[in-house]
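Reader: I have a protein model open and would like to learn how to read it. Could you take me through it step by step?

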Amino acid sequence: MDNTTALNLTQNFATILCLDVPKGTEFGIDHATWSVGPLFKGIKMIPPGIHYITYSAANNGQPTGMGAPTLSFFLHTSPKQIIVKRWNPRTEDFYEEKEMDKEEEERYADGVRRLDFDSGLAPYPLDRYNTWKSYSNFVTEQIMKQIQPISGCISAAAGASAEDEQGIDQQVLDFHLKNSEQRFLDKHPNQIAVTEDTEEQKKMEKLKFQQKYCPRFTHIPTRLKTKNATPQQLTQLNIDKSGLLDQLISTSYDGDQNKILGEVQSAFITFFLGHSYEGFRQWKEMLILLSGCDDAVSTRPDFFKNFIDLLHFQLQQVPEDFFTDPISGGNFLRPILKNFFEVLSEPTIERSLANKGNKFKETVQKRFQINFNVDEFDDEDAPVIVDE
């Protein structure tokens with residue numbers, strides 16, 4: 001990139017100025033991550049739109065695998081916008097917006113406009129921007145604000161606990177708690193009292209912590225309840241989740257089916273980039289829902305074409321052992337994708353959608369070395385049978 005183009009992008013795209021970030025901190029935007037050096041001051045040339053910032057404090061002598069948990073937040077940038085962040089060494093996090101001095105922020109923003117910090121600002125990796133758009137094209141500013149927790153920051157240490165989590169594979173949960181939550185709680189005894197409080201006080205403090213740092217996803221019910229329906233009708237309604245999908249789009253997504261795709265993308269981003277297991281759980285529940293909509297595949301063909309594209313891009317990102325590695329938690333995908341491909345093979349399905357489904361199936365089988373023709377089924381994801 002020549003100097004004239006670089007200057008034009010610096011002046012007309014967004015900048016995030018990050019002050020006092022310690023050397024060795026892992027800092028990322030979208031799909032790019034760096035271990036920052038002593039001169040790091042942030043990122044420039046950020047295209048307008050949705051982005052995702054991740055960071056993790058320097059290891060500071062901790063044993064391997066016990067680094068600080070990932071913290072993250074969504075960001076919606078506009079042209080020429082300058083965002084000022086300052087590192088708080090006590091919390092190993094950026095100061096919250098309400099803690100920042102507005103006059104000081106504006107002085108730093110003026111410094112960015114004068115190019116005072118330019119040598120310490122890393123350019124946004126524009127060669128990867130189209131890839132990022134493929135993973136986030138349905139995420140809107142409205143969805144971003146809805147998901148962002150009250151602190152404005154998502155912590156990998158917040159979310160599932162051994163007492164209340166059933167949607168996450170136990171091995172995944174154990175790995176998550178060992179490498180994220182425990183270190184965070186050890187380093188922040190003021191956040192949650194771990195020795196002196198009563199059990200009830202501990203639960204209350206943990207609940208406050210979860211509310212502050214957990215992403216706020218839409219609740220996905222597992223069953224559709226309809227008044228005056230017979231047990232047989234309820235069973236059929238819950239084997240085919242199309243009614244549940246229609247209900248959710250109407251009541252939780254303002255009638256806009258693309259918003260549910262935006263939340264699928266947001267959940268995957270918070271899981272895969274932000275290491276949030278609340279993100280993992282939401283992504284899993286939404287895939288289970290969307291893969292089991294027999295009738296809706298025929299009535300919403302364009303929606304499911306977009307869903308296939310979305311899932312295709314997501315699965316390109318995960319490692320090749322994702323379906324088999326218990327730590328990754330991806331083994332739930334095999335039975336639900338098998339069911340989805342069976343639905344797409346029905347003769348009533350629109351031809352272009354069926355063709356897209358076949359190509360997607362072939363791609364997944366080739367990349368992950370799995371065969372969806374093998375009869376395997378996970379009882380956890382089996383259809384709900386309603387007894388009389």
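Predicted model: local features only at pLDDT ≥ 70, side-chain atom pairs only at ≥ 80, totals over all residues.

Reader: Is Lys-80 buried or exposed?

Author: Here is the idea: buried means under 20% relative accessible area, exposed over 50%, and partly exposed in between (1.4 Å probe, protein chains only). Lys-80 has 53% relative accessibility, so Lys-80 counts as exposed. Its phi is near 70°, a positive value in a residue other than glycine.

Reader: What is phi near in Gln-369, and where is that residue found?

Author: Phi of Gln-369 is near 55°, again a positive value in a non-glycine residue. You will find Gln-369 in the segment after helix 14, and it is exposed, with a relative accessible area of 68%.

Reader: Now the whole protein, please. How many helices and strands does the protein have?

Author: There are 14 helices and ten strands. Buried residues account for 50% of the 388 residues. Among contacts between residues at least 6 apart in sequence, 73% join residues at least 24 apart.

Reader: Which residues does Leu-115 touch, beyond those up to four places away in sequence?

Author: Leu-115 touches Leu-7 and Thr-10. Leu-115 belongs to the loop between helix 2 (102-113) and strand 9 (121-123), and with a relative accessible area of 32% it is partly exposed. The C-alpha atoms of Leu-115 and Gln-11 are separated by 9.0 Å, although these residues are 104 apart along the chain.

Reader: Which residues touch the most other members of the largest nonpolar core?

Author: First the term: a nonpolar core is a set of buried Ala, Val, Leu, Ile, Met, Phe, Trp, Tyr and Cys residues joined through side-chain atoms within 4.5 Å. The largest one here has 88 residues, and Trp-283, Phe-304, Leu-315, Leu-333 and Leu-337 touch the most other members. Helix 10 (residues 277-290) supplies the largest share of this core, eight residues. A second, separate core of nine residues includes Leu-17, Leu-19, Met-100 and Ala-109.

Reader: How do I describe two helices that pack together?

Author: Two packed helices are described by the angle between their axes and the distance between the axes. The axes are lines fitted to C-alpha atoms, for helices over the stretch in contact, and angles run from 0 to 180 degrees between N-to-C directions. Helix 10 and helix 12 (residues 301-317) pack at about 140°, with axes 12 Å apart. Angles under 35 degrees count as roughly parallel, over 145 as roughly antiparallel, 65 to 115 as roughly perpendicular and the rest as oblique. Helix 10 and helix 12 are therefore oblique to each other.

Reader: Which residues meet where helix 10 packs on helix 12?

Author: Trp-283, Leu-287 and Leu-290 in helix 10 meet Phe-303, Phe-304, Phe-307, Leu-311 and Gln-314 in helix 12.

Reader: And how close do the axes of helix 13 and helix 14 come?

Author: The axes of helix 13 (residues 333-344) and helix 14 (residues 351-368) come within 9 Å and cross at roughly 150°. That makes the two helices roughly antiparallel.

Reader: Which residues of helix 13 meet helix 12?

Author: They are Leu-333, Leu-337, Phe-340 and Leu-344, which meet Phe-304, Phe-307, Ile-308, Leu-311 and Leu-315 in helix 12. The axes of these two helices come within 14 Å and cross at roughly 145°.

Definitions and conventions. Residues numbered from 1 in each chain as written. Heavy atoms only, no water. Helix = DSSP H or I, 4+ residues; strand = E, 2+ residues; numbered from the N terminus. Contact = heavy atoms within 4.5 Å.
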